[in-house]
Amino acid sequence: MGDVDIKNKRGIYEYVLGGEVETKLIEVRVFDERTKLAAYEKQTKKAEAAGVSNCPMCASGTNNNAERIYRLEEMDADHVTAWSNGGASNLKNCEMLCVPHNRSKGNR
Ligand SMILES: [Zn+2]
């Protein structure tokens, strides 16, 4: 209940009783692993085809990382529309960034 990452408090009981799998019931701030993996695969495929980095921020740069393909564990999920602006933690609103870029964007 005290978890600030949970927006929908009314969904908590249903979530817990349901075995804590339906994260959409509580509208969590963090992306689940399945969503991250799906976003990662989508971005990486596209990036490899284009010959650019799978971190969109690196890809738009001009240094050595502009063509770097990061591994999943080297990336973090970011909200395209910020969580604080009502952005959901779903695949549509998920963008994978390399860890340094995700950190530099801060906790939006
Ligand atoms: Zn990057």
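Which residues make up the largest nonpolar core here? In this predicted model, there are 11 of them: Phe 31, Ala 39, Cys 55, Cys 58, Tyr 70, Met 75, Ala 77, Cys 94, Met 96, Leu 97 and Cys 98. Strands S1 (75-79) and S2 (94-98) each put at least two residues into this core, and S2 gives the most, with 4 residues. As background, nonpolar side chains in soluble globular proteins tend to be buried together.

**Overall layout**
- The protein chain has 4 helices and 2 strands, and reading along the sequence you get the pattern α-α-α-β-β-α.
- Of the chain's 108 residues, 19% count as buried.
- Take the contacts between residues at least 6 apart in sequence, and 43% of them join residues at least 24 apart.

**The strand pair**
- S1 and S2 run antiparallel, and 5 bridges join them.
- S1 is mostly covered, with 4 of its 5 residues buried.
- S2 is largely enclosed by the rest of the structure, because 4 of its 5 residues are buried.
- Met 75 has Cys 98 as its bridge partner in S2, and both residues are on the list for the largest nonpolar core.
- Further along, Asp 78 stands opposite Glu 95 in S2.

**Met 75 and its contacts**
- Setting aside its neighbours within four places in sequence, Met 75 is in contact with Tyr 40, Cys 55, Tyr 70, Met 96, Leu 97, Cys 98 and Val 99.
- Among those partners, Cys 98 is also the residue that Met 75 bridges to in S2.
- Cys 55, Tyr 70, Met 96, Leu 97 and Cys 98 turn up in the core list too.

**Helix H2**
- H2 covers residues 33-50, which is 18 residues, and spans 25 Å from its first C-alpha to its last; that is close to the 26 Å expected at 1.5 Å a residue.
- Its buried residues are Ala 39, Gln 43 and Ala 47.
- Looking down the axis of H2, these buried residues fall within an arc of 60°, so they line one face of the helix.
- What does the buried set of H2 pack against? The partners are helix H3 (56-59), S1 and S2.
- Glu 33, Arg 34, Lys 45 and Ala 49 sit on the other side of H2 and are exposed.
- Just after H2, Gly 51 takes a positive phi of about 75°.

**Ala 38, also in H2**
- Ala 38 has its place in helix H2.
- Is Ala 38 buried or partly exposed? It counts as partly exposed, because it has 15 C-beta neighbours inside 10 Å, and 20 or more would be needed to call a residue buried.
- Ala 38 and Leu 91 are 53 residues apart along the chain, with 7.4 Å separating their C-alpha atoms.

**Asn 65, in a loop**
- Where is Asn 65? Its place is in the loop between H3 and S1.
- Asn 65 is partly exposed, with 16 other C-beta atoms within 10 Å.
- The C-alpha atoms of Asn 65 and Cys 55 are separated by 8.9 Å, and the two residues are 10 residues apart along the chain.

Note on methods
Residues numbered from 1 in each chain as written. Predicted model: local features only at pLDDT ≥ 70, side-chain atom pairs only at ≥ 80, totals over all residues. Core = buried A, V, L, I, M, F, W, Y, C linked by C-beta atoms within 7 Å. Buried ≥ 20, exposed ≤ 12 C-beta atoms within 10 Å, placed from the backbone. Contact = placed C-beta atoms within 7 Å. Expected span 1.5 Å × (residues − 1). Arc of directions from axis to C-beta. Pairing = 2+ DSSP bridges.
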